[in-house]
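Trainee: I would like to learn how to read a protein model step by step. Could we take one and go through its features together?

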Amino acid sequence: MPPWEGKRVHIANSDLDDIRLGSDLDIERDRETQLDMIDQARPVRELPLELQDIIYEELVLYFEGGIAEDMLIDHLESRVGLYLGERN
């Protein structure tokens, strides 16, 4: 079984790692921090697992030096196109 099969790969950037709640029990400040986090929250659209697998497989080949950039693009266009065609 490929190492990526059945796993979700999140491609996202988050500033939440930089947010820390206070350790001095400043309830009002912590409440404001939490409200800011809620205001900044956005839904994440994930690619279907099948598409994630396709992308991961091709990127592994590319980063291991097995294929060139133009071949990576051709493979992705072809495989994603087939996937989308099968879904219609």
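Trainee: What percentage of the 88 residues in the protein chain do buried residues make up?

Mentor: Please keep in mind that this is a predicted model. Of the 88 residues in the protein chain, 12% are buried. The accessible surface of the chain comes to about 7,500 Å², and carbon and sulfur atoms hold 54% of that surface.

Trainee: How many helices and strands does the protein chain have?

Mentor: There are 3 helices and 0 strands, and the pattern read along the sequence is α-α-α.

Trainee: How are two packed helices described?

Mentor: Two numbers are used for a packed pair, namely the angle between the axes and the distance between them. In this model, helix 2, which covers residues 49-63, packs against helix 3, residues 69-87, at an angle of about 165°, and their axes lie 10 Å apart. Angles over 145 degrees count as roughly antiparallel, and helix 2 and helix 3 are therefore roughly antiparallel to each other. Their crossing is right-handed.

Trainee: Which residues of helix 2 and helix 3 make the contact?

Mentor: Helix 2 contributes Glu50, Leu51, Ile54, Ile55, Glu57, Glu58, Leu59 and Tyr62, while helix 3 contributes Glu69, Leu72, His75, Leu76, Arg79, Val80 and Tyr83. Sorted by class, this contact between helix 2 and helix 3 has 9 nonpolar, 1 polar and 5 charged residues.

How values were computed. Residues are numbered from 1 along each chain as its sequence is written. This is a predicted model: local features need pLDDT of at least 70, side-chain atom pairs count only at pLDDT 80 or more; totals for chains, interfaces and linings use all residues. Side-chain values use heavy atoms; hydrogens and water are left out. Axes are lines fitted to C-alpha atoms, for helices over the stretch in contact, and angles run from 0 to 180 degrees between N-to-C directions. Helices (H or I, at least four residues) and strands (E, at least two) are DSSP runs, numbered from the N terminus. Angles under 35 degrees count as roughly parallel, over 145 as roughly antiparallel, 65 to 115 as roughly perpendicular and the rest as oblique. A crossing is left-handed if the near helix is turned anticlockwise from the far one by less than a right angle, and right-handed if clockwise. Contact means heavy atoms within 4.5 Å. Ala, Val, Leu, Ile, Met, Phe, Trp, Tyr, Cys and Pro count as nonpolar, Asp, Glu, Lys and Arg as charged, and the others, Gly among them, as polar. Buried means under 20% relative accessible area, exposed over 50%, partly exposed in between (1.4 Å probe, protein chains only). Accessible areas come from the Shrake-Rupley method with a 1.4 Å probe; for residues, only the protein chains shown count as cover.
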